[in-house]
Amino acid sequence: MSKALPPLNALRAFEAAGRLGSFTKAAVELNVSQSAVSRHVRGLEKRLNVHLFRTENMGVALTDQGRSYLAEITPAFDRISQATEALSIPSVGVVTLTTESTVAQKWLVPRLANLKKRHPNIDLRLSVEAEVMDIEAHDFDIGLRYLRGSPPAGYDFLFPSIVRAFAAPNFAPTNDEGGVDLVALSKGPLVEEATFRMWPEWFKLAGLEDNLSLDLPHPLVALLAIQSAVAGLGAVLMDECLCEPEIRSGALVGLTDVQIPFGGYYLAVNKRAGRRKAVNAVRQWLLDECANAEEQNS
């Protein structure tokens with residue numbers, strides 16, 4: 001006896017419209033017209049003899065029955081997608097990732113050769129923006145995010161943001177014990193970066209009094225602040241992950257062990273894209289890169 005399954009196209013139209021909350025967005029995802037999505041949904045409602053959506057001023061919304069049906073349908077489509085992707089070996093396809101320019105240049109790009117070795121058939125395309133982009137609205141597959149507070153549900157933690165003081169070799173004045181002369185350092189020159197403006201807090205943690213009179217310059221964006229420190233124009237407070245290349249090359253050295261935790265970096269995956277094997281492969285690669293780096297530093 002055959003199973004009483006509705007037409008697959010009707011189920012796909014309902015699942016996309018319900019998940020995205022819009023017939024228009026569902027039509028774009030499925031590459032069909034909005035009227036086709038509406039026709040499939042209405043046909044499904046007639047077949048099931050239930051109302052899956054209700055009309056509202058701003059569009060459509062799921063009914064209670066529609067919400068319950070969607071909760072069962074979406075995981076089923078996910079499983080079908082994953083099973084289909086599993087037949088494709090190796091991972092193949094284009095994956096789009098958006099992140100901020102400094103993170104891309106200083107942390108991500110130096111690691112891309114590792115991704116190419118692991119997944120030579122994945123074409124990772126970077127979108128580097130000055131501001132954080134909404135991956136759902138702009139249709140990116142993955143977003144690499146810096147967050148100071150708690151992340152939204154579903155974000156993967158990559159690594160913490162740890163702020164330390166760095167300078168060019170032999171820049172910082174030393175005391176009789178061979179350590180950094182904090183008093184002399186506080187008199188400058190210092191480089192101020194726009195995000196990590198914490199020199200007073202850092203000197204306090206390092207052991208100096210609160211009543212310091214610091215001559216801090218106009219804050220710079222991270223890339224300029226790092227290059228200024230490399231050029232010997234001053235010591236800089238910087239997230240250590242953002243100056244990894246300069247630390248490895250010896251262009252910058254840490255001045256003390258004083259560090260300030262300041263948020264962290266997270267991975268967000270577009271819900272629609274998360275079904276694709278190539279997207280999941282890039283996600284896992286990023287998680288593994290961070291885990292390996294943590295193990296090497298421990």
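## A salt bridge across the chain

Glu-244 pairs with Arg-111 in a salt bridge whose closest N and O atoms are 3.0 Å apart; the term covers a side-chain nitrogen of Lys or Arg within 4 Å of a carboxyl oxygen of Asp or Glu. The two partners come from distant parts of the chain, 133 residues apart: Glu-244 sits in helix α10 (residues 244-249) and Arg-111 in the loop between α5 and α6. Helices (H or I, at least four residues) and strands (E, at least two) are DSSP runs, numbered from the N terminus.

A word on the model: it is predicted, so local features need pLDDT of at least 70 and side-chain atom pairs count only at pLDDT 80 or more, while totals for chains, interfaces and linings use all residues. Residues are numbered from 1 along each chain as its sequence is written, and side-chain values use heavy atoms, with hydrogens and water left out.

Is Glu-244 buried or exposed? With 17% relative accessibility, Glu-244 counts as buried, and Arg-111 is buried too, at 8%. Here buried means under 20% relative accessible area, exposed over 50%, and partly exposed in between (1.4 Å probe, protein chains only).

Glu-244 also forms a salt bridge with Arg-248, with closest N and O atoms 3.5 Å apart. Both lie in helix α10, four residues apart, or about one turn of the helix. Arg-248 counts as exposed, at 61% relative accessibility. Through shared partners, salt bridges join Arg-111, Glu-244, Arg-248 and Glu-289 into one network.

Arg-283 and Asp-156 meet through their side chains in a salt bridge of 2.7 Å, N to O. Arg-283 belongs to helix α11 (residues 277-297) and Asp-156 to strand β6 (residues 156-167), so this pair ties together parts that are 127 residues apart in sequence. Arg-283 is partly exposed at 25% relative accessibility, whereas Asp-156 is buried at 16%.

Helix α5 (residues 101-108) has six of its eight residues buried, so it is largely enclosed by the rest of the structure. Among the buried ones are Val-103, Trp-107 and Leu-108.

α5 packs against helix α9 (residues 222-230) at an angle of about 50°, with axes 9 Å apart. Axes are lines fitted to C-alpha atoms, for helices over the stretch in contact, and angles run from 0 to 180 degrees between N-to-C directions. At the meeting place, Thr-102, Gln-105 and Lys-106 in α5 face Ala-222, Leu-223, Ile-226 and Gln-227 in α9, where contact means heavy atoms within 4.5 Å.
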